[in-house]
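Here is a walk through one protein model, from its side-chain pairings to its core. Keep the viewer open while you read.

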Amino acid sequence: MEIMFSMKIKEDGKTVQLLLLCTECRGELDVAAGERTVRFRCRKHGELGALSAEEFADGLRQAQERAAEQYGLGKPVRMKVAPAEPTIQ
């Protein structure tokens with residue numbers, strides 16, 4: 001299973017928004033966290049699978065390091081995981 005991490009700086013210039021996307025359609029994934037696993041579901045492709053909490057934490061750590069390097073922050077940034085904002089259709 002592959003997950004695409006997409007990052008962008010919000011208009012306030014202080015917040016890095018991290019999106020978890022399906023690698024096939026680039027749609028935003030639904031994420032459900034349990035005690036030991038994090039499950040991922042694409043609205044188009046269905047259930048993609050699950051990662052252990054450790055694997056997910058490692059992926060987030062790597063994304064933090066990339067964000068710090070890409071945006072010239074000098075060190076990994078602190079991340080707050082929050083649900084996606086509703087999309088207007």
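In which kind of contact do the side chains of Glu-65 and Arg-61 meet? They meet in a salt bridge, at 2.9 Å from N to O; the term stands for a side-chain nitrogen of Lys or Arg within 4 Å of a carboxyl oxygen of Asp or Glu. Before going further, note that you are looking at a predicted model, where local features need pLDDT of at least 70, side-chain atom pairs count only at pLDDT 80 or more, and totals for chains, interfaces and linings use all residues. Residues are numbered from 1 along each chain as its sequence is written, and side-chain values use heavy atoms, with hydrogens and water left out.

Back to that pair. Glu-65 and Arg-61 sit four residues apart in helix H1, so about one helical turn separates them. (Helices are DSSP runs of H or I with at least four residues, strands are runs of E with at least two, and both are numbered from the N terminus.) Arg-61 has another partner: Asp-58 forms a salt bridge with Arg-61, with the closest N and O atoms 2.5 Å apart. Asp-58 and Arg-61 are three residues apart in H1, again about one helical turn. An α-helix has 3.6 residues a turn, so residues three or four places apart point the same way.

How much of this trio can solvent reach? Glu-65 is partly exposed at 38% relative accessibility, Arg-61 is partly exposed at 36%, and Asp-58 is partly exposed at 33%. On this scale, buried means under 20% relative accessible area, exposed means over 50%, and partly exposed is in between, using a 1.4 Å probe and protein chains only.

The whole structure holds four salt bridges. One of them joins the side chains of Asp-30 and Arg-43, at 3.1 Å from N to O. Asp-30 belongs to strand E3 (residues 29-33) and Arg-43 to the loop between E4 and E5, so this pair ties together parts that are 13 residues apart in sequence. Asp-30 is partly exposed, at 30%, while Arg-43 counts as exposed, at 58%.

Now zoom out. Of its 89 residues, 24% count as buried.

Some of those buried residues are in H1: Phe-56, Gly-59, Leu-60, Ala-63, Gln-64, Ala-67 and Ala-68. The buried residues of H1 pack against strands E1 (3-9), E2, E4 and E5 (46-52). Gln-64 makes the buried list at 18% relative accessibility. Its C-alpha is 9.6 Å from that of Met-7, although Gln-64 and Met-7 are 57 residues apart in sequence. Just after the helix, Gly-72 takes a positive phi of about 65°.

Finally, look inside. The largest nonpolar core has nine residues: Ile-3, Leu-20, Cys-22, Leu-29, Val-38, Phe-40, Cys-42, Phe-56 and Leu-60. By nonpolar core I mean a set of buried Ala, Val, Leu, Ile, Met, Phe, Trp, Tyr and Cys residues joined through side-chain atoms within 4.5 Å. Strand E2 (16-22), strand E4 (37-42) and helix H1 (53-70) each supply at least two of its residues, and E4 gives the most, with three.

Definitions and conventions. Contact means heavy atoms within 4.5 Å.
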